[in-house]
Amino acid sequence: MAKDQPSAKSQAVLQRHVVFVGLMGAGKSAIGRRVAARIDARFRDSDVEIEKAAGMRIADIFTIHGEAEFRSGERRVIARLLGEPPMVLATGGGAYMDPETREVLSRHATTVWMRAELDVLVKRCAKRSHRPLLKTGDPRTILAGLMATRDPVYAQADVTIDSREEPHEIAVRSIVETLRDRGDLIP
Ligand code: S3P
């Protein structure tokens with residue numbers, strides 16, 4: 001069985017999609033993947049699904065087709081994934097900015113905003129160089145600008161979790177507890 005598939009011994013049942021939103025470096029995939037493993041749910045990453053559908057890396061989609069084309073692919077991929085049985089989904093940082101995607105998510109998912117301080121985002125993003133938006137200038141300045149415009153929108157998510165420099169386990173536990181309290185995860 002594939003690593004990200006639920007195992008037969010799973011007891012907890014996810015009632016609704018759980019979708020991670022937030023800026024680049026906030027830990028959406030790292031925490032989302034661990035939450036999924038903890039509750040034996042499927043995990044998907046919208047960036048990975050876009051790359052699979054396009055047959056190329058995100059950086060190349062931006063270079064060859066442009067950001068607008070990437071955004072429409074992102075919207076389509078997320079809508080398709082939400083048509084599947086409940087899963088844990090990590091989205092790219094810009095996905096939740098799309099009004100259509102936000103509307104679909106509000107109907108079909110519990111959204112979790114991974115909120116992080118600028119210093120944390122800068123430090124984490126510096127570890128990898130694959131993000132096209134951070135290559136157009138100084139990453140700190142770009143991330144600060146994105147925080148200013150996007151944070152008020154991310155704040156519309158159902159759940160906010162502070163993503164700190166601490167063991168993943170702390171955020172994972174808090175999210176799983178919250179999902180149980182909301183009735184999104186039974187038992
Ligand atoms: C983007 C974030 C990236 C990726 C693309 C654009 C954004 O995903 O979707 O480079 O607009 O914030 P991560 O947030 O997973 O890095």
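Reader: Where does the ligand sit?
Author: In the largest pocket. A pocket here is an open set of points on a 1 Å grid over the protein atoms alone, with protein on both sides within 12 Å along at least five of seven lines, and sitting in one takes more than half of the molecule's atoms within 2 Å of its grid points. Bear in mind that this is a predicted model, where local features need pLDDT of at least 70, side-chain atom pairs count only at pLDDT 80 or more, and totals for linings use all residues. Residues are numbered from 1 along each chain, and side-chain values use heavy atoms, without hydrogens and water.

Reader: OK, how many residues surround the ligand?
Author: 13, with Lys28, Asp47, Arg71, Arg131 and Arg150 the closest. The shell divides into five nonpolar, three polar and five charged.

Reader: Which atom of Gly93 lies 2.9 Å from a ligand oxygen?
Author: A backbone N or O atom. Lys28 has a polar side-chain atom 2.6 Å from an oxygen atom of the ligand, and Arg71 has one at 2.6 Å from a ligand oxygen too.

Reader: And how much of the ligand does the protein bury?
Author: 94% of the 390 Å² that the ligand exposes taken alone.

Reader: Switching topic: how many aromatic pairs?
Author: Two. Phe62 and Phe70 have ring centres 5.0 Å apart and planes at 40°, so they are tilted (pairs need centres within 6.5 Å; under 30 degrees is stacked, over 60 edge-to-face, the rest tilted).

Reader: Is Phe70 buried or exposed?
Author: Buried, at 4% relative accessibility (buried means under 20%, exposed over 50%, with a 1.4 Å probe and protein chains only). Phe62 is buried as well, at 16%.

Reader: What about Trp113 and Tyr154?
Author: Trp113 and Tyr154 form a tilted pair, 6.0 Å centre to centre with 35° between the planes.

How values were computed: Near = heavy atom within 4 Å. Polar contact = N/O pair within 3.5 Å; in protein donor to acceptor, adjacent residues only side chain to side chain. Areas by Shrake-Rupley, 256 points an atom, 1.4 Å probe, with all protein chains shown as cover. 1 Å grid on protein atoms, 1.4 Å probe; cavity = no way out; pocket = protein on both sides within 12 Å on 5 of 7 lines; lining within 4 Å. Nonpolar A, V, L, I, M, F, W, Y, C, P; charged D, E, K, R; others polar.
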